[in-house]
Amino acid sequence: MTDDDRKTWQTVQDEVRLRISQRVWKPGDLIPHEADLATEFGCARATVNRALRGLADAGLLERRRKAGTRVALNPVRRAEFSIPVIREEIEGRGQRYGYKIFLREMRVPPPDVQARLQLDGTQPILHLQTLYTADNRPYVFETRWINSIAVPDVLSAEFEKLSPNEWLVREVAFDGGDFTFSGIAATEQEAAVLGCKLGEGLLVLDRTTRQADRMITSVRLLFHPGYRMHTRC
């Protein structure tokens, strides 16, 4: 088989999705093993694994260790979220963009961050706190942990022209992660940073991202009151 015949993980994923939608593989069916699919598609097993992992994240497949992979009985329709460049989001609103890094340090993360980034808790990683502004007014306050063990180049990034948000989007190819949304009442410190009232409602986004099996970053975004988010499903 030539290189031109070899499948990428996207084409494998498209073919698997097609077989599910056309009921070649029906809900509840056990699909072929990764090794068999790799042989069929003429690609590495890791390519198949990445394709199936994405479909499992999308709710189309159910993967269980030692039990194989099945087509989901009740596929979940999930919303799709992209990781925005905050500068583009602000400028897209016709506002003037700015940012300021309040804190940059190497520190051992707290246990909850260690768990999300799958770290052993003995090595410090990069910790940043950044305020993004729109027309010189607070827009979003970001607390970010970057797994500098997985992304060592970040340690030499100066963030003078690119914010931590934009540097990561440009320099690291993410292929998965998770989002959690919640609402909180602004504490005195949060109200001071975001220029809002004590106790005012804030939208919170907690996000982790990964590249293959490496966890890259864990970030918490606190948005100024009135922020609205748009997505599609």
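Contact here means heavy atoms within 4.5 Å. This is a predicted model, where local features need pLDDT of at least 70, side-chain atom pairs count only at pLDDT 80 or more, and totals for chains, interfaces and linings use all residues. Residues are numbered from 1 along each chain as its sequence is written, and side-chain values use heavy atoms, with hydrogens and water left out.

Select Q114 to start. You'll find Q114 in helix 5, residues 111-117 (helices are DSSP runs of H or I, at least four residues, numbered from the N terminus). Its relative accessible area is 16%, so Q114 is buried (under 20% relative accessible area, 1.4 Å probe, protein chains only). Neighbours within four places in sequence aside, Q114 is in contact with V108, P109, L119, D120 and G121.

Next, pick W25. Again skipping neighbours within four places in sequence, W25 is in contact with V16, R19, I20, I31, P32, L37 and V71. W25 also belongs to the largest nonpolar core, which has 17 residues (a core is a set of buried Ala, Val, Leu, Ile, Met, Phe, Trp, Tyr and Cys residues joined through side-chain atoms within 4.5 Å). Helix 3 gives the most to this core, with five residues. Now jump to another core, apart from that one, with 13 residues including I146, W167, L168 and I216.

Last stop: the rings. There are seven aromatic pairs (Phe, Tyr or Trp rings, the six-membered one for Trp, with centres within 6.5 Å; stacked means planes under 30 degrees apart). Show F223 and Y227, a stacked pair at 4.0 Å centre to centre and 20 degrees between the planes. F223 is buried at 4% relative accessibility, and Y227 is buried at 16%.

Methods: Helices (H or I, at least four residues) and strands (E, at least two) are DSSP runs, numbered from the N terminus. Buried means under 20% relative accessible area, exposed over 50%, partly exposed in between (1.4 Å probe, protein chains only). Rings of Phe, Tyr and Trp (its six-membered ring) pair if their centres lie within 6.5 Å; planes under 30 degrees apart count as stacked, over 60 as edge-to-face and the rest as tilted.
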